[in-house]
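Visitor: Could you walk me through this one slowly? I'd like to begin with the aromatic rings and then move on to the strands.

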Amino acid sequence: MLSFFVERDGRLVAQKLAVSPWTPTKLSGTAVAGMLARELETHCPEGFIPARLTVDLYQPVDNAAFDLRSTVVRRGSRITVADAALSQDGQQRVRATAVFLTTGTEPPGQLWSRDEPLPVPPQESAVPGGTPPLFKSGDRDWSEDFAANQNADRKI
């Protein structure tokens, strides 16, 4: 999250990577959705896995400090539901809901798995706070250029 947002005086502020590529006065929807998903993930109990994430971006988020709140709506033995909301100037602009389910035993039969190993980014990209996130599309090389990976290829 540090590459995209930092906390200042109890509020979150966007870093350069979270700003919209269309206008510097707004935040990118992907960065906002990712930040909400990360916040909701903090409510995932041990032994549960995320099953669904819904993000409603119903008002643009200004490139200014904002408040983030989250709460557990329901916590049961098999399901947990959590909500998060982003507010600016006392007005809620974005909300998200995550559903977490417990895992169970695998059904009988063979589980499909990929034969080839997944690509791994270069080691130098693992330096905390060092480089921006890396992106990869299809058979292209890893790149820091988010825009170059705006295509229909599979993403990593």
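Guide: Let me start with the rule for rings: rings of Phe, Tyr and Trp, the last taken by its six-membered ring, pair if their centres lie within 6.5 Å, and planes over 60 degrees apart count as edge-to-face. Please keep in mind that this is a predicted model.

Visitor: OK, so by this rule, what does the count of aromatic pairs come to?

Guide: The count comes to one aromatic pair. The ring centres of Phe5 and Phe66 are 5.6 Å apart and their planes stand at 90°, so the pair is edge-to-face.

Visitor: And where do Phe5 and Phe66 lie?

Guide: Phe5 lies in strand β1, residues 5–8, while Phe66 is in the loop between β3 and β4, so the pair ties together parts that are 61 residues apart in sequence.

Visitor: Are Phe5 and Phe66 buried or exposed?

Guide: Phe5 and Phe66 are both buried.

Visitor: Switching to the sheet, what order do the strands have?

Guide: The sheet is open, with four strands in the order β3-β6-β5-β4 and antiparallel pairing. Its edge strands, each pairing on one side only, are β3 (48–57) and β4 (67–75), and from one strand to the next the twist averages 20°.

Visitor: How many bridges join β5 to β6?

Guide: Strand β5, residues 79–88, is joined to strand β6, residues 91–102, by 10 bridges, and the two run antiparallel. Ser87, for instance, stands opposite Gln92 in β6.

Visitor: Which helix packs on the sheet?

Guide: That is helix α1, residues 29–41, which touches β3, β4, β5 and β6, and whose direction makes about 50° with that of β6.

Conventions
Residues numbered from 1 in each chain as written. Predicted model: local features only at pLDDT ≥ 70, side-chain atom pairs only at ≥ 80, totals over all residues. Heavy atoms only, no water. Pairing = 2+ DSSP bridges. Axes fitted to C-alpha atoms, helices over the stretch in contact; angles between N-to-C directions. Contact = heavy atoms within 4.5 Å. Phe/Tyr/Trp six-rings, centres within 6.5 Å; stacked < 30°, edge-to-face > 60°. Buried < 20%, exposed > 50% of the residue type's maximum accessible area, 1.4 Å probe, protein only.
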